Amino acid sequence: MFVPAGLHPARAERHQLAQIARTGADLFEIGLAHHDAGLDGPVIQAAYRRALSRGNVLARALRAVEHAAGLRPTVVMTYWHPVSRHGPERLARLLADAGAVGAMVVDLPDDQAERWQAAAKAANLSTPRLVPRHLADTGLATVAAGASGWLYAPASTAPTGYRGPLDVPALADFTTRLRTTSPLPVVSGVGISTPALAERVAPLVDAVVIGTPVVRALMTAPEQAPALTAAFAQALNPYATTETRA
């Protein structure tokens with residue numbers, strides 16, 4: 001489950017993370033707020049603006065990571081600009097010290113990939129990579145070779161928050177290409193806007209990350225987030241219950 005850090009005061013955020021874990025999230029992806037989140041749609045961008053307006057962005061993110069990591073395995077999703085601003089080596093160490101098991105830089109520049117991978121490895125962080133569907137096989141192999149943890153295959157080529165139909169056969173073809181290129185698990189997200197779509201995508205991948213639907217609830221009606229999480233969890237694993245997943 002993707003949750004932007006710093007959206008609510010610390011006590012409320014801790015409560016929300018605990019509820020989301022209890023009702024079905026097996027993993028947290030904590031978003032580090034950024035002012036130019038170009039791969040994200042309006043809901044997550046609005047969430048990031050709210051987090052940025054509260055100030056102390058990194059400190060709030062580290063607190064969120066620390067709490068989330070006490071509940072479920074936790075990775076951080078970020079853009080390169082915050083990594084560059086805080087320093088790859090320093091940020092990797094701070095995230096690891098807070099309990100993160102990995103960090104995904106969604107717009108990692110090719111010329112910075114080696115430095116980031118070295119910094120993450122030194123901090124014992126995995127480096128999942130978002131893999132654009134348009135990459136040729138040679139580019140795909142280059143990205144996959146620098147990844148660890150998993151490969152992220154967006155279910156849609158649109159920004160996050162897309163609510164239209166998904167080209168499931170195209171996603172199936174892409175995940176096949178990824179599995180041919182790398183033994184890493186394949187994770188999908190982006191555009192998986194309903195439990196029904198999650199159920200369709202699930203057989204193609206090793207895990208699904210749900211973001212905008214739950215972020216929308218956290219922005220407008222936080223009390224609805226646990227039930228929404230449970231609905232997605234049930235679609236992804238119909239034999240699980242909230243009790244056994246808690």
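A: Happy to. A residue is called partly exposed when its relative accessible area falls between the buried limit of under 20% and the exposed limit of over 50%. R93, at 38% relative accessibility, is therefore partly exposed. Please keep in mind that this is a predicted model.

The count of salt bridges comes to four, and here are some of them. R93 pairs with D97, and their closest N and O atoms are 3.6 Å apart. Both residues belong to helix α5 (residues 88-98), where they are four residues apart, about one turn of the helix. D97 is exposed, with a relative accessible area of 57%.

Next comes D137, which forms a salt bridge with R177; here the closest N and O atoms are 2.8 Å apart. D137 lies in helix α7 (residues 137-145) and R177 in helix α8 (residues 168-181), so this pair ties together parts that are 40 residues apart in sequence. D137 counts as exposed at 53% relative accessibility, while R177 is partly exposed at 26%.

Helix α8 also holds R179, whose partner D206 is in the loop between α9 (195-201) and β8 (207-208), so that pair links parts 27 residues apart in sequence. The closest N and O atoms of R179 and D206 are 3.0 Å apart. R179 is partly exposed at 38% relative accessibility, and D206 is partly exposed too, with a relative accessible area of 48%.

Notes
Residues numbered from 1 in each chain as written. Predicted model: local features only at pLDDT ≥ 70, side-chain atom pairs only at ≥ 80, totals over all residues. Heavy atoms only, no water. Salt bridge = Lys/Arg side-chain N within 4 Å of Asp/Glu carboxyl O. Helix = DSSP H or I, 4+ residues; strand = E, 2+ residues; numbered from the N terminus. Buried < 20%, exposed > 50% of the residue type's maximum accessible area, 1.4 Å probe, protein only.
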